[in-house]
Amino acid sequence: MARFSIEGQIADPSAGLAVLGLLQDATSQRRGKVYDVLIGAEGTPADNPYLWSVDRGTTALGTSTPVTPAPLDEADPAGLLDAGDAFTVNPTIGAKLLHIPLNQRATFRWVSAPGSELVLAATANLSILARAVTSPAVASTATMLFEEQ
Amino acid sequence: MRNPGGYGVWTGPGGVERECDTITCSHCQRVIFIKPGHMPAADPELSAGDPAHDLGGLCRVCMKHICGPCAKEGTCIPFEKKIEKQESDDYRRRQNARVMGL
């Protein structure tokens, strides 16, 4: 199964808008399995608290800048799942999967063991989002690695 | 812990790292950080709401780790089953729309 990387930034995550999202549009018919999440801030270092969250989006994809998933193996074909960053309208937020309290100076990485990935069902208009629930107005970045199945 | 469901790494200024294992709830996919030295309770009744067993429990039906709220529910509906139903409902809805010309 093909593996992909998506990476996104947002200039001001303080409104709770998603930094990065893996999106299942109306035509995608493959599952996505997120197995690696990296998050951090890229602004001037300062001691500010973040509460990051990886959430499920339901029923609508919101509004974002499209991101093209990059295959980790260049021999793989382009992916069917979509991605977006710098959301201006969040999808409807559903279940909260991962909560990470973090200082602005720190970065966080979560890697799943095989079989414990965050699964995005092959159903229209679903998403998995990385967003800061609480944050300063500092440019922030997130990366997700996922597998299409 | 043996057979964790994942691994979290916090890297602070100066390269200081904090690391811990995680488990992914088999019923809802919530990721739980494991405090070093703690193990999920084998009995969901012991784990639900007890801070000493805040890691959730072990579902003895699907034999997978689950989170506290799912342990408290006392039923076994694996996440795989939930998304299979979600996908079949979505497929049926799209097929109906196609048949009706929508």
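**A helix of chain B and the strands of chain A**

What covers the buried residues of helix H3 of chain B includes strand S4 (49-58) and strand S10 (118-120) of chain A. This is a predicted model, in which local features need pLDDT of at least 70 and side-chain atom pairs count only at pLDDT 80 or more, while totals for chains, interfaces and linings use all residues. Residues are numbered from 1 along each chain as its sequence is written, chains are lettered from A, and side-chain values use heavy atoms, without hydrogens and water.

Let's start with the helix. H3(B) spans residues 79-99, and its 21 residues reach 30 Å from the first C-alpha to the last, close to the 30 Å expected at 1.5 Å a residue (that is, 1.5 Å times one less than the number of residues). Helices here are DSSP runs of H or I with at least four residues, and strands are runs of E with at least two, numbered from the N terminus.

Which residues of H3(B) are buried? They are B:Phe79, B:Ile83, B:Glu87 and B:Asp90. Seen down the axis of H3(B), these fall within an arc of 70°, so they line one face of the helix; the arc is that of the directions from the helix axis to the C-beta atoms. Buried means under 20% relative accessible area, exposed over 50%, and partly exposed in between (1.4 Å probe, protein chains only). An α-helix has 3.6 residues a turn, so residues three or four places apart point the same way. On the other side of H3(B), B:Lys81, B:Lys85 and B:Val99 are exposed.

Now turn to chain A. S4(A) pairs with S11(A) in the antiparallel sense over 7 bridges (two strands pair if DSSP finds at least two bridges between them).

Key
Contact = heavy atoms within 4.5 Å.
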